Amino acid sequence: MSKVANIFYSVLSNSPQDIETIVSKLYQYYPEVSPSVIREDAIGFYTDLQIKGFLSIGFDEDNTINYNRTKYFSYENRQPFELNLAQEQASCSTYIDTLGKACQLTRVHIDISGCCNENCIHCYIPSDYKHGIMSKELFEDILLQCVDMHVINVTISGGEPMLNPHLTDFLQLCKKYNFSINLLSNLTLLSDEMLDLFEDTPLLSVQTSLYATEGEVHDSITQSKGSCLKTLSSINRLYERNIPMQINCPIMKQNLYYYKEVLKFARSMNIEADSDYSLFGCYDHSKSNLACRLSIDEIEKIIHDDVGSDTKRKNSEKKRKDSKTPICPVCKTSLCISNSGNIYPCEGWQSLSLGNIKNQSLRKIWEESPMVQYLRGLTYGHFLKCNSCQDKKYCTPCLIMNANEDTSGNLSNINPLICEIARIKKDVYNLC
């Protein structure tokens, strides 16, 4: 979300306000812009949020806000949303000069449980670190700091978040403070009580991993017998309640010939789904989880198979990267927090601690941490190998992969797999 959108969102409150009051608040941020222009842009912005279910405009006859999820989301009539960046920028042309010039924290990823009831073979969390749960006091402190910084989205994850007995309280707090919530779970522990709460939480979506529709294949990856049936059952229960969800299917040797069935299954139910072969190593630098990673030949075959409908190919063709282009979006809009309060740049990069929220405020770390500033400022010019590479517009460098798979944790040591994938994409895309 841009800085402008964040400001427009921040002036809202739990209590109803008329548009002129809101315009008056916004005018304090943009005194050089006429109130009539601000009013027009505000109405457009808030109407779009209303359509997507983020807020209510107007009231029912009894003067109460009526929340009904099916007004804005239903699997039967779900339509794909495509962001037209040019159109979005044109609609906010008054403020175009301010877009993208400040790094605004809009999403915080919170691991509320180090424990997990599955033992997935590709998991980047080392076994010795799979313990501990987040306390209610720490979670609420994090949320209050997020409110102060106008954070929009909270991602709740683990381990398995449903192993934290306070999860219901956490979701109620997120609901109280009007956060958009992404819950990442294997769904094997989904209870009726939790399902009811999901249905009653307007801004909640769920993400889960399904490795195959064949139980034996899925269970061989989770190393938990019966996990496939439990996850599939919960997917169906969420579907019946019209609770938004996404199915992720990491691709590895064990499910290479099954992942397409997962995508087909999701499409049949109009559920958003994605697959990804870009696994990265454990953050203790052991790489003990990478025996399941696809070979470069297997990855090349996937790229060939997907190129016909791959929108990433079209996006790559439009990219122009020079020495000033950011190498990675790390620390631009998000941070992650472990169940013990440690703050780190990205999910999966817990070897790089930026501090602990028990000792430093989230704002201080975001605005003043030397490491945050360093990561935020990294460009292709800092990576000479990348800056001079002819394949860079087809490349997506990953600092986590660099750091986790280098024995000393050196984030500047470009992982050769990234280079190989970029080369393959260039060759395959240029044939189309």
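Which residues is Asn415 in contact with, leaving aside its neighbours within four places in sequence? In this predicted model, the answer is Met401, Asn402 and Glu405. Asn415 sits in the loop between α16 (399-405) and α17 (416-429). One of its partners, Glu405, also meets it through a polar contact, side chain to side chain, at 2.8 Å. With a relative accessible area of 9%, Asn415 falls under the 20% cut-off, so it counts as buried.

How far can the model be trusted? The predictor's confidence, pLDDT, averages 87 over the protein, and 86% of the residues score at least 70.

As a reminder, strands of a sheet pair through backbone hydrogen bonds, either parallel or antiparallel. Strand β5 (residues 245-250) runs parallel to β6, and 5 bridges join the two. Across from Cys249 stands Ser275 in β6.

Follow the chain out of β5 and Ile251 turns up, in the loop between β5 and α10 (259-268). Is Ile251 buried or exposed? Its relative accessible area is 1%, which is under 20%, so Ile251 is buried. Leaving out residues up to four places away in sequence, Ile251 touches Leu256, Tyr259, Ser275, Asp276, Tyr277, Leu279, Leu294 and Ile302. Ile251 and Arg293 are 42 residues apart along the chain, yet their C-alpha atoms are separated by 8.0 Å.

In soluble globular proteins, nonpolar side chains tend to be buried together. The largest nonpolar core here has 105 residues, and Phe139, Ile156, Phe198, Trp349 and Leu362 are those with the most contacts inside it. Helix α17 gives the most to this core, with 7 residues. Apart from this core lies another, of 18 residues, including Ala5, Tyr9, Ile22 and Tyr46. Back at Phe139, the residues touched are Ile110, Ile112, Met134, Ile156, Phe170, Leu173 and Cys174, not counting those up to four places away in sequence.

Helix α8 (residues 215-222) is worth a look too. Val217, His218, Asp219, Ile221 and Thr222 are buried in this helix. The buried residues of α8 pack against β4 (204-209) and α9 (227-240). Just past the end of α8, Gln223 takes a positive phi of about 55°.

Finally, the cysteines. How many disulfides does the model have? The count comes to 0. For Cys386, the nearest cysteine sulfur is that of Cys395, 6.0 Å away; a disulfide needs the sulfurs within 2.5 Å, so Cys386 is in none. Cys386 counts as buried, at 8% relative accessibility. Cys398 is in no disulfide either, with the nearest cysteine sulfur, that of Cys328, 6.7 Å away.

Note on methods:
Residues numbered from 1 in each chain as written. Predicted model: local features only at pLDDT ≥ 70, side-chain atom pairs only at ≥ 80, totals over all residues. Heavy atoms only, no water. Helix = DSSP H or I, 4+ residues; strand = E, 2+ residues; numbered from the N terminus. Buried < 20%, exposed > 50% of the residue type's maximum accessible area, 1.4 Å probe, protein only. Polar contact = N/O pair within 3.5 Å; in protein donor to acceptor, adjacent residues only side chain to side chain. Contact = heavy atoms within 4.5 Å. Core = buried A, V, L, I, M, F, W, Y, C linked by side-chain atoms within 4.5 Å. pLDDT = per-residue confidence, 0-100. Pairing = 2+ DSSP bridges.
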